[in-house]
Amino acid sequence: MILATRLMSYDKKVERLVKQAKLDEAAKFDPFLARAYNNRGSAFYRLGRIERSIEDYDLAIHLSPRSPEFFVTRAYAYQLLGKDAAARRDFERPREQGFDP
């Protein structure tokens, strides 16, 4: 019961920070937040909620702009929406950063 209460408190604090658009502060509080957003974006993607998935991918990229996989997942979402120019930019971004997908 105590653990559940602590987790609820933790979730509320992160949610409050994000809602206040203090993403950088939220990232300091939880360094895994970017990956969580990317994972949630992927869940929305699999549910067919592509535009909603892009919102989460955007947040992940904002919090961790040097993570190439975040750009690639967003590129697939853009591609599915027919936004080919945006998809190409995201597919190229990891190479520009020195990664070879």
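**Entry 1: A77**

The model is predicted: local features need pLDDT of at least 70, side-chain atom pairs count only at pLDDT 80 or more, and totals for chains, interfaces and linings use all residues. Residues are numbered from 1 along each chain as its sequence is written, and side-chain values use heavy atoms, with hydrogens and water left out.

I then listed the contacts of A77, with residues up to four places away in sequence not counted: Y45, I50, S53, I54 and Y57. Contact means heavy atoms within 4.5 Å. I also noted that the C-alpha atoms of A77 and R49 are separated by 9.5 Å, while the two residues are 28 residues apart along the chain.

**Entry 2: helix 4 and helix 5**

Two packed helices are described by the angle between their axes and the distance between the axes. For helix 4 (residues 50-63) and helix 5, I recorded an angle of about 155° and axes 9 Å apart. The axes are lines fitted to C-alpha atoms, for helices over the stretch in contact, and angles run from 0 to 180 degrees between N-to-C directions.

Helix 4 and helix 5 are therefore roughly antiparallel to each other. The classes are roughly parallel under 35 degrees, roughly antiparallel over 145, roughly perpendicular from 65 to 115, and oblique for the rest. The crossing of helix 4 past helix 5 is left-handed, that is, the near helix is turned anticlockwise from the far one by less than a right angle.

On the helix 4 side I found I50, S53, I54, Y57, D58, A60 and I61, which meet F70, F71, T73, R74, A77, Y78 and L80 in helix 5. This contact of helix 4 with helix 5 has 10 nonpolar, two polar and two charged residues. Ala, Val, Leu, Ile, Met, Phe, Trp, Tyr, Cys and Pro count as nonpolar, Asp, Glu, Lys and Arg as charged, and the others, Gly among them, as polar.

I turned to helix 3 (residues 33-46), whose axis comes within 11 Å of that of helix 5 (residues 68-80) and crosses it at roughly 25°. Helix 3 is for that reason roughly parallel to helix 5. Their crossing is left-handed. The residues of this contact of helix 3 with helix 5 divide into six nonpolar, three polar and two charged.

Helix 3 and helix 4 pack at about 165° with axes 8 Å apart, and are therefore roughly antiparallel to each other.

S42 counts as buried because its relative accessibility is 15%.

**Entry 3: the chain**

The chain has six helices and zero strands. Of its 101 residues, 37% count as buried. Among contacts in the chain with a separation of 6 or more, 37% come from residues 24 or more positions apart.

Technical notes: Helix = DSSP H or I, 4+ residues; strand = E, 2+ residues; numbered from the N terminus. Buried < 20%, exposed > 50% of the residue type's maximum accessible area, 1.4 Å probe, protein only.
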